Amino acid sequence: RHEHPIELIFQDPDGHRLAQLNAMIPAQPSPPGVPRGRPFGAVIAFNIQLPLPAYGDFSFELLIHGNHAKSIPIIVSSPAGGFGDPVPGNA
């Protein structure tokens, strides 16, 4: 059975990698009614701890076979809505 290498990169606003996960995901057969070869979605869960050095904008970058597939923006804000302060416990 064919597998797809994926990378999930968690990065800060400057593009510095804070965490990275590499995995091999087995190929799945097309769901019923979906023509063979047509892309379809899949749900994949990852259990990782992320470093949060400050409040602000971060992102997940998903690479499949080394090619960028998706950017997922993440906003870390304080309960009061401020940005730029260290996250409690990570200072």
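Two aromatic rings count as a pair here if their centres lie within 6.5 Å, and this predicted model holds two such pairs.

**View 1. Phe 10 and Phe 58 form a stacked pair.** The ring centres of Phe 10 and Phe 58 are 5.5 Å apart and their planes meet at 15 degrees, so the pair is stacked. Phe 10 belongs to strand β1 and Phe 58 to strand β3 (residues 56–64), so this pair ties together parts that are 48 residues apart in sequence. Both partners are buried: Phe 10 has a relative accessible area of 1%, and Phe 58 has 7%.

**View 2. Phe 10 and Phe 60 form a tilted pair.** Here the ring centres of Phe 10 and Phe 60 lie 5.2 Å apart with planes at 45 degrees, so the pair is tilted. Phe 60 is buried, at a relative accessible area of 16%. Take the rings together, and Phe 10, Phe 58 and Phe 60 make one aromatic cluster.

**View 3. Gln 11 sits in strand β1.** Strand β1 covers residues 3–11 and includes Gln 11. With a relative accessible area of 18%, Gln 11 falls under the 20% limit and therefore counts as buried. Leaving aside residues up to four places away in sequence, Gln 11 touches His 16, Arg 17, Leu 18, Phe 58, Ser 59 and Glu 61.

**View 4. Stepping back, the protein has four strands and zero helices.** From the N terminus, the elements run β-β-β-β. Of the 91 residues, 21% are buried. The protein exposes about 6,600 Å², with carbon and sulfur atoms supplying 56% of it.

Terms used. Residues numbered from 1 in each chain as written. Predicted model: local features only at pLDDT ≥ 70, side-chain atom pairs only at ≥ 80, totals over all residues. Heavy atoms only, no water. Helix = DSSP H or I, 4+ residues; strand = E, 2+ residues; numbered from the N terminus. Buried < 20%, exposed > 50% of the residue type's maximum accessible area, 1.4 Å probe, protein only. Contact = heavy atoms within 4.5 Å. Areas by Shrake-Rupley, 256 points an atom, 1.4 Å probe, with all protein chains shown as cover. Phe/Tyr/Trp six-rings, centres within 6.5 Å; stacked < 30°, edge-to-face > 60°.
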